[in-house]
Amino acid sequence: MYGTQSKRDIAFELQSQIPILRPSIHARRAHLVVKFQDLYGFTVEGNVDDVNVLNELREKVRQQGRIWWALEASKGANWYLLPSISEGQSLKASLKLSALANAVTLKRLIRKGIPPVLRPKVWFSLSGAAKKKSTVPESYYNDLTKAVEGKVTPATRQIDHDLPRTFPGHPWLDTPEGHAALRRVLVGYSFRDSDVGYCQGLNYVAALLLLVMKTEEDAFWMLAVLLENVLVHDCYTNNLSGCHVEQRVFKDLLSKKCPRIATHMEALDFDVSLVATEWFLCLFSKSLPSETTLRVWDVLFYEGAKVLFHVAMAIFKMREEELLLTYHVGDVINILQRTTHHLFDPEELLTVAFDKIGSMTTNTISKQRKKQEPAVMAEIDQRLRRLNSIKLDDK
């Protein structure tokens with residue numbers, strides 16, 4: 001998809017790939033809506049304030065890039081792979097201290113954003129994708145894509161249906177070449193894990209992974225580690241049981257962390273899954289601007305699925321006062337959609353997510369999942385029985 005680059009080329013690209021956006025003089029005067037392309041080729045519509053936010057953001061990206069390059073120069077190219085403190089039980093005290101300092105520095109840096117040119121290699125290493133790939137023969141992906149070529153399954157039919165609807169208008173994804181690459185990744189994974197097969201939503205996730213990772217094979221392994229290690233199991237299976245569990249957990253956490261919002265939503269008979277299902281299935285890729293989505297994914301691949309709850313809650317929290325004034329479900333949806341569409345500043349979102357929501361540990365969320373699973377499975381079972389009963393009546 002893209003050629004290989006030397007380290008020097010990448011360093012220069014870091015500076016050159018982040019242009020200053022300049023709306024027309026008429027737009028500046030009249031505050032008209034303007035269109036522009038973001039770093040990953042998506043056409044974005046926004047006002048002049050949005051353009052200014054993006055310009056400020058890109059200056060911050062440059063500054064972050066300088067920090068990452070300085071760390072590479074002083075600590076080595078793969079400094080972020082040094083042993084973490086959890087793995088350091090057998091290390092000497094000095095090494096433990098070094099590992100702890102390294103982990104704290106890395107967590108803080110990742111929450112501030114991984115520079116776009118470093119994102120592919122940092123994601124691949126820290127997510128566990130590199131380790132997962134190393135457990136199979138070098139030719140695994142090529143052999144898989146060749147083996148499944150021409151085979152037709154319910155998954156491949158749905159994938160073919162969804163390809164032209166995946167980020168239509170994108171200058172690379174919405175081309176025969178882009179469709180073919182995305183199809184190979186999705187079809188390949190549908191055969192790797194027949195329990196998942198293919199679920200709508202994965203097309204958007206895989207497409208964005210392709211844009212970031214540059215190669216199909218790396219995008220495939222990132223998708224594999226995401227579904228097999230990062231996210232909760234059964235999120236994308238046929239009955240979406242994992243996703244239903246996540247929605248219940250999110251609703252419960254919202255009532256604990258944002259009780260005023262939760263109470264008001266309940267009074268309106270608003271089910272958070274009306275908006276949060278898409279957030280969790282597409283990992284915000286259809287809702288947030290791409291550069292903001294990828295900042296969320298920076299943290300997701302390092303800290304795990306709890307990040308999705310933090311971010312989802314932050315979106316509600318950022319519009320708390322406005323939401324409390326609503327009287328209709330439609331108004332709530334409009335506010336949340338307008339908010340996500342214009343969240344060009346990931347700093348604002350992530351600051352609320354991690355500094356104003358409060359701690360939500362992976363262990364706490366796991367306990368909530370176990371608590372909610374029986375009710376979800378009972379509902380799914382009841383639904384299946386009802387459907388079977390209807391089929392028998394029709395015969």
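Two rings of Phe, Tyr or Trp (for Trp, the six-membered ring) make a pair when their centres lie within 6.5 Å; planes under 30 degrees apart are called stacked, over 60 edge-to-face, and the rest tilted. By that rule, this structure holds 19 aromatic pairs.

Before you click around: this is a predicted model, where local features need pLDDT of at least 70 and side-chain atom pairs count only at pLDDT 80 or more, while totals for chains, interfaces and linings use all residues. Numbering runs from 1 along each chain as its sequence is written, and side-chain values use heavy atoms, with hydrogens and water left out.

Start by selecting tryptophan 123 and tryptophan 297. Their ring centres are 6.1 Å apart with the planes at 45°, so this pair is tilted. Tryptophan 123 belongs to helix α5 (residues 119-126) and tryptophan 297 to helix α15 (residues 290-303), 174 residues apart; helices here are DSSP runs of H or I, at least four residues, numbered from the N terminus. Now colour by accessibility: tryptophan 123 is buried at 1% relative accessible area, and tryptophan 297 is buried too, at 0% (buried means under 20%, with a 1.4 Å probe and protein chains only).

Next, pick tyrosine 141 and phenylalanine 220, another tilted pair, with 5.1 Å between centres and 50° between planes. Tyrosine 141 sits in helix α7 (residues 140-148) and phenylalanine 220 in helix α11 (residues 216-230), so the pair ties together parts 79 residues apart in sequence. Both residues are buried.

Then select Phe250, Trp279, Phe280, Phe284, Phe309 and Phe316: together they form one aromatic cluster.

Methods: Helix = DSSP H or I, 4+ residues; strand = E, 2+ residues; numbered from the N terminus. Buried < 20%, exposed > 50% of the residue type's maximum accessible area, 1.4 Å probe, protein only.
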